[in-house]
Number of protein chains: 2
Amino acid sequence: MNAIGVDVGGTKIAAGVVTPEGRILREVRYPSSGPPEVLLENIVRAIREVGRGVDGVAAVCLAVPGLLVSAEDRVAFSPNLRTIENIPLRKALEPEIGLPLTIENDANAAAWGEFRFGAGSEVDHLLCVTLGTGVGGGVISHGVLLRGAQGAGGELGHVTVHATGPRCACGNRGCLEAMCSGTAIARYARVVAAKRPESALGRLAVRRRIIGEDVTELARRGDRAALSVLEEAGTWLGIGLAGFVNVFNPEVVAVGGAVSVAGELLLAPARREIALRARPPSRDLVRVKVATLGPESGVLGAAALARDPESGEYVFGGG
Amino acid sequence: MNAIGVDVGGTKIAAGVVTPEGRILREVRYPSSGPPEVLLENIVRAIREVGRGVDGVAAVCLAVPGLLVSAEDRVAFSPNLRTIENIPLRKALEPEIGLPLTIENDANAAAWGEFRFGAGSEVDHLLCVTLGTGVGGGVISHGVLLRGAQGAGGELGHVTVHATGPRCACGNRGCLEAMCSGTAIARYARVVAAKRPESALGRLAVRRRIIGEDVTELARRGDRAALSVLEEAGTWLGIGLAGFVNVFNPEVVAVGGAVSVAGELLLAPARREIALRARPPSRDLVRVKVATLGPESGVLGAAALARDPESGEYVFGGG
């Protein structure tokens, strides 16, 4: 049986019909903007449209951004999509779509996607970090998605790595997110650009506001100022990952999200910190690599988390 | 059926016959000093002696300090008991004791003890931190002990909370262990004593070298210098715990080990940091409390991790 995975983000809703082998048969996108009623309407529309005329869809899973309270199927806090907060999503949506619906956190769904179909498909212990505007996380341990007591678990981005560090979007200081997200990279870049006006990064900063993508672009062309920015972000990423390696003893750490296009420029300093800070045997086992599913990890992972309402098992099987 | 739990520490071997309800029927202690042969001999002796004449012992579990490689039943690294390193323990011991033997990490066993019989006996998501000379950790998530790929998981003490902080026994800098263990507390105390010679702590420091226990003792009597030391350690403990709360979304965090006798003097500042740094709903759910089993958690938890060799299940049941 197939399943529909829906990935609700800050700007768009992506819904896909997925086969148990992880092939997306069809996909549609809707905007996620507008008031709550419109958001819910567009989610229903996306599911109906993508499922129309496709046989054998057993269930749907909706991956939502923010902190989930699973027992109530609602998002307690979602900084990038405030309109989704505190709606009992299953109750509101299930009758409209006529299919069994499960709600999951988006970063956890993306991790599950990598576990079933991507960078972690051959292991039982996977850690996924998604570097974008923020830093998302998901952990699979012993083949089981770590949801925590309320479904709010896996928030790897909000672990303090620098107690007196810069303010994070969550209100805390020095979270991993505040130290290696796209936002943090842009912040480092502006500081470095001001110090090194002769660099390519410095010259660009005079013309316009630097964003994360600029840094990767210039670093690839060999600009040393831009390279030092990725080095800084990668170092902090590695400081965070080293702790997770000690805690989870994972086989693979997959780094995804828009920032991960920087690839080795970011991962090499991260690996160096892991080598320095993590302990054997965990340190020697773990492989740190770029996630392989790209932006489809959310839709794929959500589909693989859709459940058969009778057995309670995933439609695609697995823990 | 009963099981024997053996807790091997830096100075002693404690072996107990435990009932499925968590009652210790009999317990013996042997020293863990001496060369590897003597250590192994004393482990065998302890198990034979404690099990003598007791009916219905189904299996044994040995809880060992240090970083385990489960597949090889050996400890890769054990700073407090070097003599146990790299011995294939099951192969060496099982024939001698004539009972099925499992090997587990000591902090994971202590956490499992609290989960089955102590501070976490009513929850499915428990985090255990043991504050002694070092900082041990154990995590139960969805009712399952988090062992990681090699059995080396759960090392909560070796997560970096202060990237440029003091050197940890593991070689890294600013691990949670380096910031809130008994060793860290003694280090803070010596600094504070030097700055405040008029305090009770300062006066004691002139007479002899301060140890962790002195600090709790003096803090209880109201010495403000000693109180500020526990405040510092509790704050760092809370910085670490806040991250774990976001990652694991646990119902209970149990703080055990010799340092935990400081109780609220340590836990109050830790809770304050969690309130500041962790996110809802996890922040609002979690209860931080002192572990309830005391030094017996290792023996109790080990017994509850002993396995029936035929079914592979725990003799006492559970995940």
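I began in chain B, where Asn249(B) sits in the loop between α8 (224-248) and β11 (252-256). Helices (H or I, at least four residues) and strands (E, at least two) are DSSP runs, numbered from the N terminus. This is a predicted model, in which local features need pLDDT of at least 70 and side-chain atom pairs count only at pLDDT 80 or more, while totals for chains, interfaces and linings use all residues. Residues are numbered from 1 along each chain as its sequence is written, chains are lettered from A and ligands numbered from 1 in the order in which they are written, and side-chain values use heavy atoms, with hydrogens and water left out.

**Entry 1**

Most residues other than glycine have a negative phi, and most peptide bonds are trans. Is Asn249(B) buried or exposed? Asn249(B) is buried, at a relative accessible area of 0% (buried means under 20%, exposed over 50%, partly exposed in between, with a 1.4 Å probe and protein chains only). In chain A, Asn249(A) has a positive phi near 45° and counts as buried at 0%.

Next I checked the peptide bonds. The one from Pro280(A) to Pro281(A) is cis, with omega near 0°. Pro281(A) lies in the loop between α9 (264-277) and α10 (282-285) of chain A. In chain B, Pro280(B) and Pro281(B) are joined by a cis bond with omega about -5°.

**Entry 2: the two copies**

I laid chain A on chain B: a turn of 180° and a shift of 0.0 Å along the axis give an RMSD of 0.0 Å (least squares on the C-alpha atoms of residues with pLDDT of at least 70 in both). The two copies are thus related as by a two-fold rotation axis. Which residue of chain A comes closest to the rotation axis? I found Val161(A), with its C-alpha at 2.5 Å.

**Entry 3: where the chains meet**

The contact takes 45 residues from chain A and 45 residues from chain B (contact means heavy atoms within 4.5 Å). About 3600 Å² is buried between the chains, and carbon and sulfur atoms give 58% of that. Buried area is the accessible area (1.4 Å probe) that two parts lose on being put together, summed over both. In chain A, Val247(A), Arg277(A) and Arg279(A) lose the most area to chain B, together 20% of what that side buries. I also noted that 100% of the interface residues of chain A are interface residues in chain B too, so the copies meet through the same surface.

How many salt bridges are there between chain A and chain B? I got two (a side-chain nitrogen of Lys or Arg within 4 Å of a carboxyl oxygen of Asp or Glu). One salt bridge I looked up joins Glu155(A) and Arg279(B), 3.1 Å from N to O. α8(A) gives the most to the side of chain A that touches chain B, with seven residues.

**Entry 4: inside chain A**

The domain assignment, automatic or from a database, gives domain 1 (2-105 + 296-305) and domain 2 (119-292) in chain A. Seven residues of domain 1 are in contact with six residues of domain 2. The two domains bury about 600 Å² between them, 47% of it on carbon and sulfur atoms. Across this interface I found one salt bridge.
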